[in-house]
Amino acid sequence: MPLLKVSLFSFFVLLTQISISVGAERHPISGMKIEALSIVRGNQEQKIADYRVEMAVTPSESEKGFMFRTEIPEKTGMLFVFPEPEVARFWMKNTFVPLDLLFIDAAGCILKIHRNAIPQDLTTISSDSIIKAVLEIHGGEAEKLNIRQYDRVLHRIFRHNQEDTCQQS
């Protein structure tokens, strides 16, 4: 009987591990979870772009980011999520491709866009205001897609109210 209990326990542990990993797509290089997000204009009526993003949620994932990557495909990116809203500061150390950084508040509003951050540059890039997340995408893509300040990012981490629009206060 004890062998049966151990076997049943092992089976349930294995089943739990399988169910956790099912549906959680992971990036082949970073191992980070990949999720979908959209960028819209106005009251969510005009879709600008859909993205597949790596989710940088742990300190080690956030620290590494896109370091040592030699390419970032279009319509992909990395979403850095902060446990609590904060003023964020980034740099491009060991980052070999230009990036656009979109600084996003808790409602999903893009408050600032830093375009074409220079690879390997150690200059601090600041959000200048309190934000919930940063979306890094391929350098020049924000301009190419006409992504603007006060556009909205739709993703599960942001609170969304259908009536709200992102606008300058």
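In the predicted model, Phe90 is buried, with a relative accessibility of 11%; the value lies under the 20% cut-off, which is why the residue is assigned to this class. Phe90 takes part in an aromatic pair with Phe103, in which the ring centres are separated by 6.4 Å and the planes by 75°, an edge-to-face arrangement.

The structure contains three aromatic pairs. One of them is formed by Phe80 and Phe90, whose ring centres are 5.1 Å apart; their planes meet at 85°, and the pair is therefore edge-to-face. An angle over 60 degrees is required for that description. Phe80 is buried as well, with a relative accessibility of 2%. Together, Phe80, Phe90 and Phe103 make up one aromatic cluster.

The model has one disulfide, which joins Cys109 to Cys166 with an S to S distance of 2.0 Å. The two cysteines lie in distant parts of the chain, 57 residues apart: Cys109 is found in the loop between strand E4 (99-104) and strand E5 (110-117), whereas Cys166 is located in the segment after strand E7 (152-154). The torsion about the S-S bond is about -85°, so the disulfide is left-handed. Both partners are buried, Cys109 with a relative accessible area of 8% and Cys166 with a relative accessibility of 11%.

How values were computed: Residues are numbered from 1 along each chain as its sequence is written. This is a predicted model: local features need pLDDT of at least 70, side-chain atom pairs count only at pLDDT 80 or more; totals for chains, interfaces and linings use all residues. Side-chain values use heavy atoms; hydrogens and water are left out. A disulfide is a pair of cysteine sulfur atoms within 2.5 Å. Helices (H or I, at least four residues) and strands (E, at least two) are DSSP runs, numbered from the N terminus. Buried means under 20% relative accessible area, exposed over 50%, partly exposed in between (1.4 Å probe, protein chains only). Rings of Phe, Tyr and Trp (its six-membered ring) pair if their centres lie within 6.5 Å; planes under 30 degrees apart count as stacked, over 60 as edge-to-face and the rest as tilted.
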